[in-house]
Amino acid sequence: MCGIIGYIGNKPATPILIEGLRRLEYRGYDSAGIAVIENDAVCRVRMPGKVEKLAAKIAQHQFEGTIGIGHTRWATHGKPSEANAHPHANGDESIMLIHNGIIENHQSLCSQLTGRGYHFTSETDTEVMAHLIDDAYRGDLVQAVKQALGQVTGTYGLVVMHTRHPDQLVAARRGSPMVLGVGDGEMLLASDVSAFLRLTNKVVYLEDDDIVSVTTKDFTIDTLAGEQVQRDAEPIEWQDNAADLEGFPHYMLKEIFEQPETITNAIRGRLVESEGMAHFGGLDDVLEEGMKAAQHLVIISCGTSYYAGLYARYVFEKLTDLIVEVEIASEMRYRKTNIRPGTVVLAISQSGETADTVAAMREAERKGALLLGLVNVVGSTISRMTKAGVYNHGGPEIGVASTKIFISQCCILAMMALLHGRFNHLSVTDGMEVVNGLMRLPDHIHRVLKEANHIHAIAAKYAQANNFLFIGRKYNYPMALEGALKLKEISYIHAEGCAAGEMKHGFIAMIDENFPTVCLATRDTTYEKTVSNMQEIKSRNGRIIAIATEGDDEIGDIADDVIYTPATLDFLQPIPAVVALQLFAYYCAMERGCDIDQPRNLAKSVTVE
Ligand code: AGP
């Protein structure tokens with residue numbers, strides 16, 4: 001969602017802020033702005049629309065200031081406009097502030113401040129913070145921020161600067177990420193590391209309730225409660241070039257093509273071929289209670305990560321005797337659940353920051369569950385909330401539509417199922433077969449990627465359809481949901497995913513010659529049933545695109561178009577199949593001229609409820 005970048009150092013801040021905002025664009029936003037302190041005054045430029053527009057406007061000025069803050073805003077309170085864009089200011093514009101999150105009690109604070117003569121110029125919840133800090137300011141900026149934060153309820157990651165402190169940035173976090181980058185004579189603050197990776201890879205992850213005061217050379221952290229804390233800078237592995245396009249027209253396509261490598265990174269060092277076994281260093285501490293003895297697993301996640309969880313349920317059911325439930329985090333957090341001590345709760349999240357997943361985890365923790373995580377972003381909130389967990393090691397995923405990390409999640413979840421299965425009844429030979437299947441996946445995905453031109457041609461044929469149905473059974477059912485979600489997200493074509501068996505219970509009413517169906521019909525025990533569903537569609541003049549297993553020549557008699565994927569173990573077949581669906585969605589969006597990496601209204605990490 002919104003993106004934050006702050007800079008204090010020895011170089012002009014403006015180009016660094018603009019480049020940081022460019023690197024944060026993938027998070028989703030609809031307005032942007034920066035403010036720089038120069039000659040004891042603030043230069044602020046904000047506007048709705050893209051960072052490029054902001055950069056063009058700023059190019060008309062020669063800002064030389066070496067301290068500044070920048071923000072990309074994803075509208076929650078008030079439409080995208082200049083007045084609502086960050087940075088926000090107090091009345092005399094001596095205080096500038098950028099904020100991610102939501103101040104829940106902003107209305108009552110706003111009434112109190114208005115009663116004391118404060119004047120508001122935006123519809124945002126954020127502006128109240130600038131006035132609160134102004135109200136509390138007695139010469140010490142950290143103290144003023146602390147006092148202001150003491151009055152707010154809600155979530156925040158914020159950075160503040162004051163013209164009377166041109167050598168200091170103050171930042172704080174609660175429920176919204178904030179990282180400090182430690183450079184040589186310069187410091188950066190950001191909502192995620194990709195904003196400044198090109199300048200430093202030494203990072204301090206702030207914890208909830210931390211307040212950090214930053215100068216060009218140093219930083220001190222204390223908490224809202226007034227305790228001084230020591231947090232050391234850690235080097236991070238991600239390479240800055242991971243965030244470059246490397247010749248691809250979009251990050252989404254680049255990430256789709258990276259998937260063989262993403263899987264290799266996910267399985268590297270984690271499979272023991274000779275024992276038909278998986279091993280995760282991050283789970284060693286909980287192997288007994290979490291992996292050997294567990295009987296009840298609850299998976300919580302949102303969106304695409306939720307579909308990875310749905311897929312995992314089938315795989316766990318195949319390889320283990322675990323009782324597995326999969327919950328949408330935003331529903332689970334308000335339900336009475338059967339989570340209790342002994343339940344293992346696994347949170348899946350690419351970003352590690354999804355607000356609903358974080359809240360559902362807090363609920364699960366309260367009920368005594370053992371919390372595990374499967375997360376891509378190292379040091380993220382979810383990774384730090386769990387007792388143990390597994391990283392995807394997938395590198396940054398920039399495209400708003402998740403692709404490579406979904407694939408990585410599915411592989412890692414299959415490995416976790418293998419681990420539990422082998423501790424229980426799964427034989428070594430069955431285990432070896434699973435290991436072998438997983439190791440061949442990168443090659444299988446390569447073969448689907450070679451079909452990109454063929455998939456593009458099919459997408460071009462169907463891209464003008466206004467509606468799509470995606471169907472699949474068993475392991476392919478979550479992939480049908482994921483295929484529909486990908487298409488909706490980036491092409492804005494209405495698409496529904498359904499369990500193939502459910503089609504006749506309602507969805508089939510929509511089928512006609514203008515309503516194509518993508519049928520996931522890879523070879524498994526449900527293949528014949530899915531083919532029957534395809535016949536039903538055909539009889540109603542529906543057009544069919546089939547995703548089928550190589551060698552299945554008969555399917556071409558029913559389907560109008562076929563995309564073949566390599567044969568492998570039944571429960572791994574959906575993984576190459578979903579790569580075909582990602583490419584299909586990508587090319588449909590391209591044919592429709594959509595903004596693929598920054599689809600409208602969407603954000604990469606959803607840090608509000
Ligand atoms: C994926 O394409 C979506 N943009 C979205 O559904 C995403 O998967 C969801 O918001 C969950 O995100 P997370 O994995 O970072 O928790």
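## Close-up views of a predicted model

**View 1. Strand 1 and strand 10 pair in an antiparallel sheet.** Strand 1 (residues 3-8) and strand 10 (residues 187-190) run antiparallel and are joined by four bridges, and within this pairing Ile5 stands opposite Ala190 of strand 10. The model is predicted, and local features need pLDDT of at least 70, side-chain atom pairs count only at pLDDT 80 or more, while totals for chains, interfaces and linings use all residues. Residues are numbered from 1 along each chain as its sequence is written, and side-chain values use heavy atoms, with hydrogens and water left out. Strands (E, at least two residues) and helices (H or I, at least four residues) are DSSP runs numbered from the N terminus, and two strands pair if DSSP finds at least two bridges between them. Eight strands form an open sheet in the order 3-2-4-1-10-9-11-15, with antiparallel pairing. The edges of this sheet are strand 3 (41-48) and strand 15 (234-235), each of which pairs on one side only.

**View 2. Strand 20 has parallel partners in strand 18 and strand 21.** Strand 18 (residues 296-301) runs parallel to strand 20 and is joined to it by four bridges; here Leu297 has Val344 of strand 20 as its bridge partner. Strand 21 (residues 370-375) also runs parallel to strand 20, with six bridges joining the two, and Ala347 stands opposite Gly373 of strand 21. Strand 20, helix 11 and strand 21 make a right-handed β-α-β unit, where right-handed means that, with the strands pointing away from the viewer, the path from the first strand over the helix to the second runs clockwise. Strand 20 is mostly covered, with six of its six residues buried, and buried means under 20% relative accessible area, exposed over 50%, and partly exposed in between, for a 1.4 Å probe and protein chains only.

View 3. The largest pocket has a volume of about 490 Å³, and among the 26 residues that line it, Cys302, Gly303, Ala603, Lys604 and Val606 are the closest to its centre. Helix 9 (303-319), strand 20 (344-349), helix 11 (355-366) and helix 16 (476-491) are the elements that give two or more residues to this lining. On a 1 Å grid over the protein atoms alone, a pocket is an open set of points with protein on both sides within 12 Å along at least five of seven lines, a cavity is a set of points where a 1.4 Å probe fits but cannot get out, and lining residues have an atom within 4 Å of a point. Grid points are joined across faces, edges and corners, and a volume is the space filled by probe spheres set on the points. The pocket lies between domain 2 (241-449) and domain 3 (451-598) because both give residues to its lining; the domain bounds come from an automatic or database domain assignment. The lining holds 10 nonpolar, 11 polar and five charged residues, with Ala, Val, Leu, Ile, Met, Phe, Trp, Tyr, Cys and Pro counted as nonpolar, Asp, Glu, Lys and Arg as charged, and the others, Gly among them, as polar.

**View 4. The second largest cavity has strand 20 in its lining.** Helix 8 (287-292), strand 20 and helix 13 (404-423) each supply at least two residues of its lining. Leu297, Val344, Leu346 and Leu372 are among the lining residues, and the whole lining divides into nine nonpolar, two polar and no charged residues.

**View 5. The largest cavity includes His86 in its lining.** About 90 Å³ of space lies in the largest cavity, whose lining includes Cys2, Arg73, Trp74, His77, His86 and Asp125. This lining has two nonpolar, eight polar and two charged residues. The peptide bond from His86 to Pro87 is cis, with omega near 0°, and Pro87 is placed in the loop between strand 4 (67-73) and strand 5 (88-89).

View 6. Glu93, although not a glycine, has a positive phi of about 60°, and its place is in the loop between strand 5 and strand 6 (95-100). At 38% relative accessibility, Glu93 counts as partly exposed. His393, also not a glycine, has a positive phi of about 55° and is placed in the loop between strand 22 (388-391) and helix 13. The relative accessible area of His393 is 37%, so this residue is partly exposed.
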